[in-house]
Structure formats: structure tokens, C-alpha cells
Amino acid sequence: MPVVETVLIYVLIPAAIYGVIALLTLLPKSTRVARYRVGQPWTYEPVWWSATGEHRQQESAPAAEPVRTARGGARGNW
Amino acid sequence: MPAGRLSIARIVKPQPPTVPFTPVQLARLDETINLATHATGIDFSIYLGDLGRDTRSRAEELHASIGPVAASDALLIAVSPGQRVVEVVAGDEAHRRVSDRACKLAVMAMIASFKEGDLIGGLISALRMLTDQAGSPPRHVHPD
């Protein structure tokens, strides 16, 4: 077989397949998250993390007299 | 007559993100909260969302919604990135273990990170500082 044919079949075709697969890896993931920057409005639902997982919104009994459980803490803004 | 089993397989679609954090960041935060809660005996929790017009009272409402008994041990860190405010609310027992000054230091650390836009880093460093301050849970010695 001539040299050109050899090169075409055994080098170019694998390189093309390799290139197509490499391009596929550059596609953005469907679950990529946007990075949050200061000053952007917060459009996500509120999230509450806890270790015990026993916090439940007391919907059944909206207290007639709100119970004050806060004893201290701190606050700040930026 | 129909034979065979109905498949219960469902298509799993990737969900749109509910918070702008990667799974690695969420895992780190989860681990830090668990460690803080189990090491100190104080119920740490983090609320990330809007806090309405009066942020302090809304944060205290959330703290109270934990339940009248459980809220005494609970320390809530409420962050509203849209309003750029952070509120730390401590119950009775939590306030005894973690002083207001320690809460203020944690808030300052959080603000320093939040100014850069690093929400998870700020929350984790604040939790670590508060864990340090709280120490280990008191041992109840039964009088014999």
C-alpha cells in the first residue's frame, strides 16, 4: 500500500476519533452551578441545614403568643 | 393473562441546582455541622434564605420554630445573601456555652469571607470558631 494511504488509515482516522471524543469532554455539564458573586440577588429557595434533622416548621400551632427563645447572639452585614 | 413484573425503574434527570454550591462544598458544610453538633452538644443549624423586612425578628422566629424545649440548646446562623445580613441567634443553654462576644467574632469572620463571595468558606470557619468556643458538653454527674 502506498505511504499516503497508510498514513490516512492508521493515523488520521484514530486522530479524528480521538479529537471528537476530546471535544465531547469540553461540553458544559448539565448540572454545573453558577458561582455566586456579592451583590447578586438571591433567587433560590431558603435552605435550612441541621445536624439533627428534627426541625420542623410548627405549622400546626402558630403560637398566639410568640415564644421568645432567643437569648443572645450577634448580627452583622456586609 | 399478563405475566412478568412491572418495572419500577424511573428515569433520573439531573436536577437544576437549588443552591449555587458544588456537591463537594455541600459535603464539607454538612460534615462541619455534624462535627460541631456532636462535639459540643449544641444544636447548630444554618438557614440560608430571605429574612424579610425585620431580619432579627424573622431569625428569632425561625429559632423559636425549632420547638420550645429544643431551642434552648440551639444556635441558629441565619444568612440572607440577597439582603447581605447575617444573624446569629442563641438559645438559653447555647448562650451560656457560647458568649455573645464569641458570636460576634464568628460574625466578623463570616463577613470577611462573604465580602469575597465565599459563602461556604465563611460558614465553615464560623462553625469551627463556635465549636472551639463551646468546648465539650457538660457531663452530668449523678449525686450518689
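**View 1. Secondary structure of chain A.** Chain A contains one helix and two strands, with helices (H or I, at least four residues) and strands (E, at least two) taken as DSSP runs numbered from the N terminus. Along the sequence, the order of these elements is α-β-β. This is a predicted model, in which local features need pLDDT of at least 70 and side-chain atom pairs count only at pLDDT 80 or more, while totals for chains, interfaces and linings use all residues. Residues are numbered from 1 along each chain as its sequence is written, and chains are lettered from A and ligands numbered from 1 in the order in which they are written.

**View 2. Confidence in chain A.** The mean pLDDT (the predictor's confidence in each residue, from 0 to 100) of chain A is 79, and 76% of its residues reach 70 or more. Confidence is highest in helix H1 (residues 3-25) of chain A, at a mean of 89, and lowest in strand E2 (residues 72-77) of chain A, at 87.

**View 3. Helix H4 of chain B.** The buried residues of H4(B) are B:Cys103, B:Ala106, B:Val107, B:Met110 and B:Phe114; buried means 20 or more other C-beta atoms, placed from the backbone, within 10 Å of the residue's own, and exposed means 12 or fewer. They lie on the same side of H4(B), because they cover an arc of only 105° around the axis, the arc being that of the directions from the helix axis to the C-beta atoms. On the other side of H4(B), B:Arg101 and B:Lys115 are exposed.

**View 4. Surroundings of H4(B).** The buried residues of H4(B) pack against E2 of chain A, and also against strand E3 (85-90) and helix H5 (119-134) of chain B; contact requires C-beta atoms, placed from the backbone, within 7 Å. After H4(B) comes B:Gly117, with a positive phi near 90°.

Terms used
Two residues are in contact if their C-beta atoms, placed from the backbone, lie within 7 Å.
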